[in-house]
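Good morning, colleagues. Please look at the display as I speak.

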Amino acid sequence: MAAERRTRGPKEFDRDDVLASLAKARKSLIEALRAMRPKSGMARSAGAVIDEIDEFAFVLTGDRAHFHANAHGSPATERPKSD
């Protein structure tokens, strides 16, 4: 008798766990890039992997800048309404 085969759907995984792992890998690659010659093959390869991580995060979240840092600064203030 053949064993029952279980197939999983395309989104049957822990999305948050995958994003956390991708964030860690992306951060490690960015740190490694700092020690590489800017136009070396390794630097280009690392950059390509970072781009693919960003693309996969976009597919999962719909946000192209999911891993990018938000701009620093003070929050916008409301202007007084003129009558």
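On the surface, Phe-13, Phe-56 and Val-59 make up a nonpolar patch that together presents about 260 Å² of accessible area. Accessible areas here come from the Shrake-Rupley method with a 1.4 Å probe, and for residues only the protein chains shown count as cover. A patch takes residues with over 30% relative accessible area and no salt bridge, joining nonpolar side chains (Val, Leu, Ile, Met, Phe, Trp, Tyr) within 5 Å and like charges within 9 Å. A salt bridge, in turn, requires a side-chain nitrogen of Lys or Arg within 4 Å of a carboxyl oxygen of Asp or Glu.

This is a predicted model, in which local features need pLDDT of at least 70 and side-chain atom pairs count only at pLDDT 80 or more, while totals for chains, interfaces and linings use all residues. Residues are numbered from 1 along each chain as its sequence is written, and side-chain values use heavy atoms, with hydrogens and water left out.

Phe-13 lies in the segment before H1. Why is Phe-13 counted as partly exposed? Because its relative accessibility is 32%, and the class lies between buried, under 20% relative accessible area, and exposed, over 50% (1.4 Å probe, protein chains only).

The protein has two helices and zero strands; these are DSSP runs, H or I of at least four residues for helices and E of at least two for strands, numbered from the N terminus. Of its 83 residues, 16% count as buried.

Which residues form the largest nonpolar core? They are Leu-19, Leu-22, Ile-53, Ala-57, Leu-60 and Phe-67. Such a core is a set of buried Ala, Val, Leu, Ile, Met, Phe, Trp, Tyr and Cys residues joined through side-chain atoms within 4.5 Å. Helix H1 (15-33) and helix H2 (41-61) each give two or more residues to this core, and H2 supplies the largest share, three residues. Setting aside residues up to four places away in sequence, Ile-53 touches Leu-22, Ala-25, Arg-26, Leu-29 and Phe-67; contact means heavy atoms within 4.5 Å.

Let us turn to the loop between H1 and H2, where Ser-40 is found. Ser-40 is buried, since its relative accessible area is 13%, and its side chain reaches the backbone oxygen of Arg-37 at 3.0 Å.

Ala-43, in helix H2, is buried at a relative accessible area of 7%. Beyond its neighbours within four places in sequence, Ala-43 is in contact with Leu-33, Met-36, Arg-37 and Pro-38.

Key
A polar contact is a pair of N or O atoms within 3.5 Å; within protein, one must be able to donate a hydrogen and the other to accept it, and residues adjacent in sequence count only if both atoms are side-chain atoms.
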